[in-house]
Amino acid sequence: IEKLSGMSLEEYMEKNIFKPLDMKNTGACFSKGKIRLSAKGYTGYLDVKPADDTMTFKAATGDGFLFSTVEDLYKWDRALYTDKLVSKKTMDLIFTPYAHTFMGEYGYGWYVKGDGKDKLVFHDGITAGFHSNISRYIGRNEGVIILSNNNMGGSGVYKIDNDINSILQGKEVELPKPKKAVKLEESEIQNIVGMYEIMHGTDILITRDGEHIYAQLTGAEKVEIFSEGNNEFFSRVVDSTITIIKNSSGEAVSLVAHQNGSDYYAIKQ
C-alpha cells in the first residue's frame, strides 16, 4: 500500500476509509511517538493480569496496529454492503473463496463459509491483551462485532459470537455456569495421570504435584487444571476443559480437550 500510494499505511487508511466513513474513533495505536489506545489489555481466564503490550503496539505496522470501537466498525460493516469504498465487482472478488485454511475457505482478507442466505464472512484479531472478531452474515444482512480487552485464552469471543448468532435466529442459548473445584481422591488422581496422544508428535501430558494436577500440550506451557466432578476438569488460566473417558473398569483410557469451539481427542499411552 505504501509503495503504490506514496503514503504511510496510517495516512492512507485515514484518507480512504476512516474519514469517508466518519470513523472518528479509529486509528493507529502507536502514532507520532505516542500510544493512542486508552484501553488496558489483560491476559487470563478466571484469574487475570494486565498484559504488557507497549512493545507490541510500537512494533506493529500492519496486522494488529489499529484501535477502534464497535460503533465505528459497524459503520465499516454497513459500508461493505455499498460501493462507497470499492465497486461491487471488487467486493464480490473479496468475498469469493480462493484458498483452503484450517479455519475454512479464504477470500481476499476474509474467511468465507456457506452460500446464499447462509453465507458468512468473518475474521478475528489477536494481540497482547486483546481479542476481537467480526462475523458478517451477509445473506441475512446481520453482523456480530466483538472487541475484548482480554486475550484469546479468556475472552470467550467465539462462544459469544456463536451465542449472539443463535439469538438472532431465535434459538435458545445456554449461559455459562460458575466454575467450582472439587477435591479428588488419591486413587482418582493417579488414575488420570499419564500421556495422552492426539496424533503422532502431539500429546497432552497429565501430571501431578501433590494434590495439584497439570495438563501440558506438546510445545505449550504446563497449566494447572481443577476437577468439577463427573470426570470434568477446567483451567483458570485459559477457557478450556478436559473430559476424561474411562472404560468399564473405571480406568482412564482417553480424553477430550475442548477449547475455542473445537474438540481434540487423545488416547492414553
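Thr 243 is found in strand S18, which spans residues 240–246; helices (H or I, at least four residues) and strands (E, at least two) are DSSP runs numbered from the N terminus. The model is a predicted one, in which local features need pLDDT of at least 70 and side-chain atom pairs count only at pLDDT 80 or more, whereas totals for chains, interfaces and linings use all residues. Residues are numbered from 1 along each chain as its sequence is written, and side-chain values use heavy atoms, with hydrogens and water left out.

Thr 243 counts as buried because its relative accessibility is 17%; buried means under 20% relative accessible area, exposed over 50%, and partly exposed in between (1.4 Å probe, protein chains only). The side chains of Thr 243 and Glu 232 are joined by a polar contact of 2.8 Å. A polar contact is a pair of N or O atoms within 3.5 Å; within protein, one atom must be able to donate a hydrogen and the other to accept it, and residues adjacent in sequence count only if both atoms are side-chain atoms. With neighbours within four places in sequence left aside, Thr 243 is in contact (heavy atoms within 4.5 Å) with Asn 231, Glu 232, Ser 254, Leu 255, Val 256 and His 258.

A search of the whole structure finds six aromatic pairs. Rings of Phe, Tyr and Trp (its six-membered ring) pair if their centres lie within 6.5 Å; planes under 30 degrees apart count as stacked, over 60 as edge-to-face and the rest as tilted. The pair of Trp 76 and Trp 110 is stacked, because the ring centres are 5.6 Å apart and the planes lie at 25°. This pair links distant parts of the chain, with Trp 76 in helix H4 (residues 70–79) and Trp 110, 34 residues away, in the loop between strand S8 (104–106) and strand S9 (111–113). Trp 76 is partly exposed, at a relative accessible area of 22%, while Trp 110 is buried, at 7%. Phe 95 and Trp 110 form an edge-to-face pair, 5.7 Å centre to centre with 70° between the planes. Phe 95 lies in the loop between helix H5 (88–94) and strand S7 (99–101), 15 residues from Trp 110, and is buried at 6% relative accessibility. Trp 76, Phe 95 and Trp 110 form one aromatic cluster.

The charged end of Arg 136 sits over the ring of Trp 110, 5.9 Å from its centre. A charge sits over a ring if NZ of Lys or CZ of Arg is within 6 Å of the ring centre and within 35 degrees of the ring normal. The charged end of Lys 222 likewise sits over the ring of Tyr 214, 4.7 Å from its centre.

Leu 217 lies in strand S15 and is partly exposed, with a relative accessible area of 39%. Not counting residues up to four places away in sequence, Leu 217 touches Ile 198, Thr 202, Asp 203 and Ile 204. Glu 211 lies in the loop between strand S14 (202–209) and strand S15 (212–217) and counts as exposed at 57% relative accessibility.
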